[in-house]
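Grab your viewer and work through the exercises below. Try each task before you read its solution.

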Amino acid sequence: MAVSGFEGFEKRLELHFFGDDPLSNINNNMGLRLLDFESIEQVLRAVQCTVVSAVGNHFFDAYVLSESSMFVYPTKIIIKTCGTTQLLKSVRPLTHFANKLNLKLCGCRYTRGSFIFPKSQPFPHTNFKEEVIYIEENLPKNLVYRKAAVMPSKNPCYSWHVFAAGDQNHRKKSNSDVTFEICMTELDRHLARKFYKKAGDCKTGDSAGKEMTVLTGIDDINPRAFICDFAFDPCGYSMNGIDGDRYSTIHVTPEDGYSYASFECVGSVYDDDVDIVETLKKAVQVFKPATVSVSTTSNSREVWTTVARAMEPLGLKCRTFAMDEFPAAGTVVFQTFTAARRK
């Protein structure tokens, strides 16, 4: 493994807001989407990344970032960043700008895997304890229900870190949403090469990204989704998919020695299991990784069985299973899988 390289494992932050003013902007169904681009840029400067592409629909706005993605809904914002970004530095400015729209923070969830290059991470991401202290210092006092945990695996390189907090009204997750966060390492070398721009290629990041989306079969994962994609120089790829009120996102760091890809999507506990299984299978088959970790966050304890059914036909065996309950998040299930040929 390389001594140091680009950190593929993302940090993910999800913030929920509510409008306590009957005349607040949430009533016109825009809420946080009314944040102007200058404010968004200010938040991302604190994180140390920029917007490279954006698209929106009736339900939300999706941004491809120089380091991953951001999704803005009327009362929810999700930011996912890789590399040495300082994601948690977004909490304070986001809360400030939301307050100007008469929106108050009511729920927070922060998740990440184990970094490949932990010593390269800047404050406050030097370790999970520091991250938790930093989040807690920057959350409003009304988020009284808080919990932090490291969900273990047999291989300490694949632990899952979770912090969740909620106020009195948001502490129990009552909706039907399911979030799937998939982290893949040791990608198939031949498939990983497809995420390199060809030498002398003068295509823009947008046009090269569209080419990679088709070439790799990413466009077939959810054919209904509108895809906003981007290819980086000399390698790397990001995409956001928009399908009604649901997003999906993929990020690829293809360098040999620390290759990594992630796939994240949202669904519902009422979705057809067959559809979820097919989506997860297609996403993993794009990369044929040696190791996969999957976190599911929902109000159901049973969703994890769907994940196992998707992985096993691909020759991936479940090595670790952990389950925990979190305020304002629900049940988090963390599973790791490795290719049967590798122990």
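Contact here means heavy atoms within 4.5 Å. This is a predicted model, where local features need pLDDT of at least 70, side-chain atom pairs count only at pLDDT 80 or more, and totals for chains, interfaces and linings use all residues. Residues are numbered from 1 along each chain as its sequence is written, and side-chain values use heavy atoms, with hydrogens and water left out.

**Exercise 1.** Find the strands that helix 5 lies across.

*Solution.* Start at residues 205-216, which form helix 5. Helices (H or I, at least four residues) and strands (E, at least two) are DSSP runs, numbered from the N terminus. Helix 5 lies across strand 10 and strand 11 (237-243). Its direction is at about 115 degrees to strand 10; axes are lines fitted to C-alpha atoms, for helices over the stretch in contact, and angles run from 0 to 180 degrees between N-to-C directions.

**Exercise 2.** Write down the strand order of the open sheet and pick out its edges.

*Solution.* Two strands pair if DSSP finds at least two bridges between them. Going across the eight strands, you get 10-11-12-13-9-14-16-15, with antiparallel pairing. Strand 10 (226-231) and strand 15 (316-326) are the edges, each pairing on one side only.

**Exercise 3.** Look at strand 14 and strand 16: over how many bridges do they pair?

*Solution.* Strand 14 (residues 291-298) and strand 16 (residues 330-339) are antiparallel partners over eight bridges. For T291, the bridge partner in strand 16 is T338.
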